[in-house]
Amino acid sequence: MAPTAEATGGCLCGAVTYRINGPMRPVVYCHCSQCRKTSGHFVAATAVSHQHLTLTGQAGLAWYRSSDIARRGFCKHCGSSLFWEPAHGKYMCVMAGTIDAPTGLASREHIHTADASDYYDVCDGLPQFEHDHPGLWEGDGK
Ligand SMILES: [Zn+2]
Ligand SMILES: [Zn+2]
């Protein structure tokens, strides 16, 4: 059951802040090379409906079109990676580490493990998917 959250978060310097008031999907870890490059390791992200995400500060927000299917939101001042938005616009992924703790979130699975780097093991017992899979977003918080 997805937590119905009232959460806040933002970047390292404070030039991007947001508020979430709605269900958040459990955290998905993505090991694709793009997530590794942008995060410096691998990405941990929840996802929310657009109507439940309010940008409360966006002076630092910039977007990078990282592929045909998505763009990534980051802070142009401090470099924090905050958002991954699919081109179809049905939801917004929010990098879990940018949410002010306690988040109330739990982690669900790993995706794109075929692209994981060679210096770590994925061994926490959560389900692993070598690539993408359907059902990453099945509606509010699921
Ligand atoms: Zn910042
Ligand atoms: Zn990824």
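## Pockets of the predicted model

About 160 Å³ of space lies in the second largest pocket, whereas the largest pocket has a volume of about 460 Å³. A pocket is an open set of points on a 1 Å grid over the protein atoms alone, where a 1.4 Å probe fits, with protein on both sides within 12 Å along at least five of seven lines; lining residues have an atom within 4 Å of a point. This is a predicted model, in which local features need pLDDT of at least 70 and side-chain atom pairs pLDDT 80 or more, while linings use all residues. Residues are numbered from 1 along each chain.

The largest pocket is lined by 26 residues, of which W84, I111, H112, D132 and L136 are the closest to its centre. Its lining comprises 16 nonpolar, 7 polar and 3 charged residues. The second largest pocket is lined by residues including F42, V43, M95 and T98, and its lining holds 4 nonpolar, 5 polar and no charged residues.

C11 is buried, with a relative accessible area of 10%, and C78 is partly exposed at 26% (buried: under 20%; exposed: over 50%; partly exposed: in between; 1.4 Å probe, protein chains only).

Technical notes. Chains lettered and ligands numbered in written order. Heavy atoms only, no water. Points joined across faces, edges and corners; volume = space filled by probe spheres on them. Nonpolar A, V, L, I, M, F, W, Y, C, P; charged D, E, K, R; others polar.
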